[in-house]
Amino acid sequence: GDGRKAKAPAAAAAVSAIFPGAKATGHELHIPMPGHAVTPAEEAAVRAAAQRLDALVEAHDAIFLLTDTRESRWLPALLCAAKGRLAITAALGFD
């Protein structure tokens, strides 16, 4: 690696530095868009990531989707809508 922190944990650390009372955590999940191929070797990891995402949405009242692309926000936003959770989105990058 190049020594840089992953975006999600770095953002959570920055939030905690600004507001120490915040319970901020960053999660990196790799879930392909519908129609994108998933190899048999990747299937278990993709299923686990989707289940982790579902559990995270279920366990929280509000979810901040601070991701690079619209494509990366589609499933979390869909799950938030289905579960009646507040989804707050902001693009962190260029798309």
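The expected span of a helix is taken as 1.5 Å times one less than its number of residues. Helices are DSSP runs (H or I, at least four residues), numbered from the N terminus. In this predicted model, local features need pLDDT of at least 70 and side-chain atom pairs count only at pLDDT 80 or more, while totals for chains, interfaces and linings use all residues. Residues are numbered from 1 along each chain as its sequence is written, and side-chain values use heavy atoms, with hydrogens and water left out.

Helix α3 has 14 residues. From first C-alpha to last, α3 reaches 20 Å, close to the 20 Å expected at 1.5 Å a residue. Gly84 follows α3, and its phi is positive, near 70 degrees.

Helix α2 (residues 40-59) packs against α3 (residues 70-83): their axes, lines fitted to C-alpha atoms over the stretch in contact, come within 10 Å. The axes cross at roughly 45 degrees, on a scale from 0 to 180 degrees between N-to-C directions. On the α2 side, the contact (heavy atoms within 4.5 Å) is made by Leu53, Asp54, Val57 and Glu58. Leu75, Pro76, Leu79, Cys80 and Lys83 make it on the α3 side.

Burial was assigned from relative accessible area (buried under 20%, exposed over 50%, partly exposed in between; 1.4 Å probe, protein chains only). Arg73, Leu75, Pro76, Leu79 and Cys80 of α3 are buried. Ala82, also in α3, is exposed, at 68%. The C-alpha atoms of Ala82 and Val57 are separated by 10.0 Å, and the two residues lie 25 residues apart along the chain.

Note on methods. Helices (H or I, at least four residues) and strands (E, at least two) are DSSP runs, numbered from the N terminus.
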